[in-house]
Amino acid sequence: MLRTVITTGARRASSFLAGQPCTKRPLALHFIGRTMASTNIPLSEDFFFRQLFDRESCTYTYLLADLKSKQAVLIDPVLELAERDANIINELGLTLTFAMNTHMHADHITGTGKLKTLIPGCKSLISKASGAQADVYVNDGEVVNFGRHELEVRATPGHTNGCITYVCKEQGMAFTGDTLLIRGCGRTDFQEGNPTTLYESVHTKIFSLPENFKLYPAHDYKGLTETTVGEEKKYNARLTKSLKEFVHIMDNLNLPYPKMIDKAVPANKVCGLQF
């Protein structure tokens, strides 16, 4: 039976998060060198992983499942693509237990509420600190189980107060939401954003993971699909700076007001469904 175990341990968005144009189709990022490839942690045979993409908001949605129990979770679904996601889940014979978010999004409306109507028994899940409605709330250090697999919840605020990163240690992967993007990060000028908090979140909760852990963000605007802890610690143009330099960068981005925020945030406070 799938359960949440609580432990005490530790529309196009051309300038929404990073001021970058959204590409129409993500391009896989491959490494040819043997050294880089040999560090990858292989997925276990009973673990299913699928990365899905929304062209309008450049959002990535992630489907994870235990192939023996068929229990699954879906991270950061998009409202307009909820039927697509439900069809894939049904075709694969999976049971979606949680439709979950990394935070309360401001650039698109979540598909969690819609998925609950399409897949009976599915529950919505989000961090308690997000302030959004959900069936299940999680906090830092808790664990979300699906079959024998699990996701550790790490609080990574800074983009919003409720941002969390889901870490699947056995598979060597983490889902960073908008806190850490590929070679960038989420903006910090609205929704309780704070550059100092974001910097500390990344360095203590994400960069502390093994360097060969693969990282999967909630968005990408250049067609990249994944990165690693080691890459971001070396190449991230913002988060490789000192804290003082990072704060200066984030305070001077001068990005335009997010075009979807006035619609998305109120909807996402109620699981993506407004009545």
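Colleague: Which side chain does arginine 154 join in a polar contact, and over what distance?
Modeller: In this predicted model, the side chains of arginine 154 and glutamate 152 are joined by a polar contact of 3.0 Å.

Colleague: Where is arginine 154 found?
Modeller: Arginine 154 is part of strand 9.

Colleague: Does it count as buried or exposed?
Modeller: Buried. Its relative accessibility is 12%, and the cut-off for buried is under 20%.

Colleague: What does arginine 154 touch, leaving out residues up to four places away in sequence?
Modeller: Asp140, Cys163, Ile164, Thr165, Val167, Lys169, Lys205, Ser208 and Leu209.

Colleague: How do strand 9 and strand 10 pair?
Modeller: Strand 9, residues 149–155, pairs with strand 10 in the antiparallel sense, over four bridges. Opposite alanine 155 stands isoleucine 164 of strand 10.

Colleague: What holds paired strands of a sheet together, in general?
Modeller: Strands of a sheet pair through backbone hydrogen bonds, and the pairing is either parallel or antiparallel.

Colleague: And which strand do three bridges join to strand 10?
Modeller: Strand 11, residues 173–177, which runs antiparallel to strand 10. Tyrosine 166 has phenylalanine 175 in strand 11 as its bridge partner. Strands 10 and 11 form a hairpin with four residues between them. In that turn, glycine 172 has a positive phi of about 65°.

Colleague: How many residues of strand 10 are buried?
Modeller: Five of the five, residues 164–168, so strand 10 is largely enclosed by the rest of the structure.

Colleague: Which residues are on each side of strand 10?
Modeller: Ile164, Tyr166 and Cys168 are on one side, Thr165 and Val167 on the other. All of these are buried, so both faces of strand 10 are covered. In a regular strand, side chains alternate between the two faces of the sheet.

Colleague: Change of topic. Which residues of helix 2 are buried?
Modeller: Helix 2 covers residues 82–91, and its buried residues are Ala82, Asp85, Ala86, Ile88 and Ile89. They are on the same side of helix 2, because they cover an arc of only 160° around the axis.

Colleague: What do those buried residues pack against?
Modeller: Strands 2, 3, 4 and 5, and also helix 3. Strand 2 is 47–54, strand 3 is 59–66, strand 4 is 71–75, strand 5 is 95–100 and helix 3 is 112–118.

Colleague: Which glycine follows helix 2?
Modeller: Glycine 93, which has a positive phi, near 70°.

Colleague: In what order do the six strands of the open sheet come?
Modeller: The order is 2-3-4-5-6-7, with mixed pairing. Strand 2 and strand 7, residues 136–138, are the edge strands, each pairing on one side only. From one strand to the next, the twist averages 25°.

Colleague: In which sense do strands 6 and 7 pair?
Modeller: Parallel, over three bridges, with strand 6 at residues 123–127. The bridge partner of leucine 125 is valine 136 in strand 7.

Colleague: Now methionine 250. Where does it lie?
Modeller: In helix 6, residues 243–251. Methionine 250 counts as buried, at 5% relative accessibility. Leaving aside neighbours within four places in sequence, it is in contact with Cys185, Gly186, Arg187, Thr188, Pro195 and Arg238.

Colleague: What separates the C-alpha atoms of methionine 250 and asparagine 194?
Modeller: 9.0 Å, with the two residues 56 residues apart along the chain.

Colleague: Last one. How many helices and strands does the protein have?
Modeller: Seven helices and 15 strands. Of its 275 residues, 55% count as buried.

Note on methods:
Residues are numbered from 1 along each chain as its sequence is written. This is a predicted model: local features need pLDDT of at least 70, side-chain atom pairs count only at pLDDT 80 or more; totals for chains, interfaces and linings use all residues. Side-chain values use heavy atoms; hydrogens and water are left out. Buried means under 20% relative accessible area, exposed over 50%, partly exposed in between (1.4 Å probe, protein chains only). Helices (H or I, at least four residues) and strands (E, at least two) are DSSP runs, numbered from the N terminus. Two strands pair if DSSP finds at least two bridges between them. Contact means heavy atoms within 4.5 Å. The arc is that of the directions from the helix axis to the C-beta atoms. Axes are lines fitted to C-alpha atoms, for helices over the stretch in contact, and angles run from 0 to 180 degrees between N-to-C directions. A polar contact is a pair of N or O atoms within 3.5 Å; within protein, one must be able to donate a hydrogen and the other to accept it, and residues adjacent in sequence count only if both atoms are side-chain atoms.
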